[in-house]
Amino acid sequence: MKNIVIVYWSATGNTESMAIAIAEGAKKEGASISLIEVGNASKEDVLRADAVAFGCPSMGSEELEEEEMEPFIESLEMENLKGKPMILFGSYDWGDGQWMREWMDRMTKQGVLLIEDGLTIQNAPDEEGIKRCRELGTKLALI
Ligand SMILES: Cc1cc2nc3c(=O)[nH]c(=O)nc-3n(C[C@H](O)[C@H](O)[C@H](O)COP(=O)(O)O)c2cc1C
């Protein structure tokens, strides 16, 4: 069974709703899912996963959240993630998605296999947004 790990940070629940919908979409394909808030995640969770989803809203000034997500992503830069199937996702409000473009570049430089552009949704996902998240989860489970 495919082991999928979803690690996310969310203050007001928007990115968390995306994470839950991604998990639902992946579960549909029979994958085993670990949905973990980044504060409870370890590098090993990511390293032993068959496929990974990372979620974080745009914070600071078009940045990853600095207390937990940024250090977690930084800690993985020392590890070998070459070829690891991955998706990125997160909520934003007023920006143009710069944080996600930079995050994608950073992960791509590390050699991960981004299976799609990062999924960004403004504020809380509506029904259509939830559907897109579920579809992305399904895609991750099928890769
Ligand atoms: C301190 C802070 C900084 C933020 N910075 C940005 C930003 O640079 N660009 C943007 O588009 N949204 C920014 N936002 C808006 C959040 O990304 C948005 O509210 C998002 O839906 C929060 O997701 P969450 O519910 O998962 O925490 C910021 C919000 C806060 C509280």
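**Figure 1. The ligand and the largest pocket of the predicted model.** In this predicted model, the ligand takes up the space of the largest pocket. Two elements, helix 1 (14–27) and strand 4 (85–92), each give two or more residues to the shell around the ligand. About 280 Å³ of space lies in the largest pocket. Of the 19 residues that line this pocket, Pro-57, Ser-58, Met-59, Ser-91 and Tyr-92 are the closest to its centre. Helix 1 and strand 4 are likewise the elements that give two or more residues to the lining of the pocket.

Figure 2. The ligand is surrounded by 18 residues. The closest of them are Ser-10, Thr-12, Ser-58, Ser-91 and Gly-95. By residue type, the shell around the ligand consists of five nonpolar, 11 polar and two charged residues.

Figure 3. The side chain of Thr-12 has an N or O atom 2.4 Å from an oxygen atom of the ligand. For Gly-95, a polar backbone atom is 2.7 Å from an oxygen atom of the ligand. The backbone of Asp-93 also places an N or O atom 3.1 Å from an oxygen atom of the ligand. Taken alone, the ligand exposes 650 Å², and the protein buries 79% of that area.

**Figure 4. The lining of the largest pocket by residue type.** The lining of the largest pocket comprises six nonpolar, 11 polar and two charged residues. Ser-58 and Ser-91 are among the lining residues closest to the centre of the pocket, and both are also among the residues closest to the ligand.

Note on methods: Residues are numbered from 1 along each chain as its sequence is written. This is a predicted model: local features need pLDDT of at least 70, side-chain atom pairs count only at pLDDT 80 or more; totals for chains, interfaces and linings use all residues. Side-chain values use heavy atoms; hydrogens and water are left out. A residue is near a molecule or strand if one of its heavy atoms lies within 4 Å of it. A polar contact is a pair of N or O atoms within 3.5 Å; within protein, one must be able to donate a hydrogen and the other to accept it, and residues adjacent in sequence count only if both atoms are side-chain atoms. Accessible areas come from the Shrake-Rupley method with a 1.4 Å probe; for residues, only the protein chains shown count as cover. On a 1 Å grid over the protein atoms alone, a cavity is a set of points where a 1.4 Å probe fits but cannot get out, and a pocket is an open set with protein on both sides within 12 Å along at least five of seven lines; lining residues have an atom within 4 Å of a point. A molecule sits in a cavity or pocket if more than half of its atoms lie within 2 Å of its grid points. Helices (H or I, at least four residues) and strands (E, at least two) are DSSP runs, numbered from the N terminus. Ala, Val, Leu, Ile, Met, Phe, Trp, Tyr, Cys and Pro count as nonpolar, Asp, Glu, Lys and Arg as charged, and the others, Gly among them, as polar. Grid points are joined across faces, edges and corners, and a volume is the space filled by probe spheres set on the points.
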